[in-house]
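Have the coordinates open in your viewer and follow along.

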Amino acid sequence: MKEVNPKETTRAYAFEMWMKAPLPMVTFFKTLDVSHLVRLNHKKKLKFNMLMCWCIGRAASQIKEFYLLPVGKKLIQYDTIAVNTIVANKAGEVSSCDIPFSKDLATFNKDYLRLTRWVSENCRNHDLPQSMVIGTSALAQYDIDGAVGMFSGIFNNPFIIWSKYRKSLFKTTLTISFQFHHTQMDGMHAAKFLDLLQKEIKF
């Protein structure tokens, strides 16, 4: 990771316009067809949440804006990305776990299982500050229509929230919310990411 001059990037105008905005976060909602992931969950015994995180990483890694992030008053460029998941720990609370993204599903799955187990058992967060982290929160036990993330003024990372998926006769769907900082990307980048996410889910 390194600091870059915003004026030398494609985000120059956005940096000037949105860095001082009181509410610079934008949220999109999209309903995804996750039938393929549900089948993999049942047949291959792969965790649905892990598969979602991997597909998120796959889609994000194809969009260069995901490698830039406003941090404080600076624009930081990253070489790698990670996907964060919230883990229920043995103390009955929750901890945060950053998982390094790998295009190889087996590698990502191995890291996911190892790191989430460590976080759960030790009740400690696992952070990857050298990577651009995409936050996620899965409320898989609950049926809600949508959620908008909080803007803390500290973390500007993109964030995705989902709840319980919904089964119908022909497919299974999942509604997600995607929150992003307008300095990092524009609406067209976010929409492209969501389209890519759907394609990756059907891999």
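The largest cavity has a volume of about 40 Å³. This is a predicted model, and the structure holds one cavity of 30 Å³ or more. To find the largest cavity, look for its lining residues: Ile144, Asp145, Gly146, Ala147, Ile161, Trp162, Ser163, Thr175, Ile176 and Ser177. Strands β8 (159-162) and β10 each supply at least two residues of that lining, and β10 gives the most, with three residues. Sorted by class, the lining of the largest cavity has five nonpolar, four polar and one charged residues.

| Pocket | Volume | Lining | Nearest the centre |
|---|---|---|---|
| Largest pocket | about 710 Å³ | 28 residues | Val133, Gly135, Phe155, Asn156 and Asn157 |
| Second largest pocket | about 460 Å³ | 16 residues | Asn49, Ile86, Val87, Tyr112 and Ala138 |

For the largest pocket, the elements that give two or more residues to the lining are β3 (68-71), β5 (81-88), β6 (94-100) and β7 (132-138). Its lining has 16 nonpolar, ten polar and two charged residues.

Which element gives the most to the lining of the second largest pocket? The answer is α4, with five residues. Elements β5, α4 and β7 each supply at least two residues of this lining. By class, the lining of the second largest pocket has eight nonpolar, six polar and two charged residues.

Since α4 has come up, it is worth a look at two places along it. Threonine 116 lies in helix α4 and is buried, with a relative accessible area of 12%. What does the side chain of threonine 116 reach at 2.6 Å? It reaches the backbone oxygen of tyrosine 112, and Tyr112 is also one of the residues nearest the centre of the second largest pocket. A polar atom of the threonine 116 side chain also lies 3.4 Å from the backbone oxygen of leucine 113. Leaving aside neighbours within four places in sequence, threonine 116 is in contact with Thr85, Val87, Cys97 and Ile99.

The other place is a charged pair. Arginine 114 and aspartate 111 meet through their side chains in a salt bridge (3.1 Å, N to O). The two are three residues apart in helix α4 (residues 105-122), so about one helical turn separates them. Arginine 114 is partly exposed, with a relative accessible area of 44%, whereas aspartate 111 counts as buried at 15%.

## Salt bridges across the chain

How many salt bridges does a search of the whole structure find? It finds eight.

In one of them, the side chains of aspartate 195 and lysine 30 meet at 3.7 Å, N to O.

Is glutamate 200 buried or exposed? With a relative accessible area of 10%, glutamate 200 is buried; arginine 58, at 25% relative accessibility, counts as partly exposed.

There is also a network of salt bridges, which links Asp143, Asp145 and Arg166.

## Around helix α2

A last stop is helix α2 (residues 35-43), whose buried residues are Ser35, Leu37, Val38 and Leu40. What do these buried residues pack against? They pack against β2, α3, β10 (172-181) and α5. Lysine 45 follows α2, and its phi is positive, near 60°.

Key: Residues are numbered from 1 along each chain as its sequence is written. This is a predicted model: local features need pLDDT of at least 70, side-chain atom pairs count only at pLDDT 80 or more; totals for chains, interfaces and linings use all residues. Side-chain values use heavy atoms; hydrogens and water are left out. A salt bridge is a side-chain nitrogen of Lys or Arg within 4 Å of a carboxyl oxygen of Asp or Glu. Buried means under 20% relative accessible area, exposed over 50%, partly exposed in between (1.4 Å probe, protein chains only). Helices (H or I, at least four residues) and strands (E, at least two) are DSSP runs, numbered from the N terminus. On a 1 Å grid over the protein atoms alone, a cavity is a set of points where a 1.4 Å probe fits but cannot get out, and a pocket is an open set with protein on both sides within 12 Å along at least five of seven lines; lining residues have an atom within 4 Å of a point. Grid points are joined across faces, edges and corners, and a volume is the space filled by probe spheres set on the points. Ala, Val, Leu, Ile, Met, Phe, Trp, Tyr, Cys and Pro count as nonpolar, Asp, Glu, Lys and Arg as charged, and the others, Gly among them, as polar. A polar contact is a pair of N or O atoms within 3.5 Å; within protein, one must be able to donate a hydrogen and the other to accept it, and residues adjacent in sequence count only if both atoms are side-chain atoms. Contact means heavy atoms within 4.5 Å.
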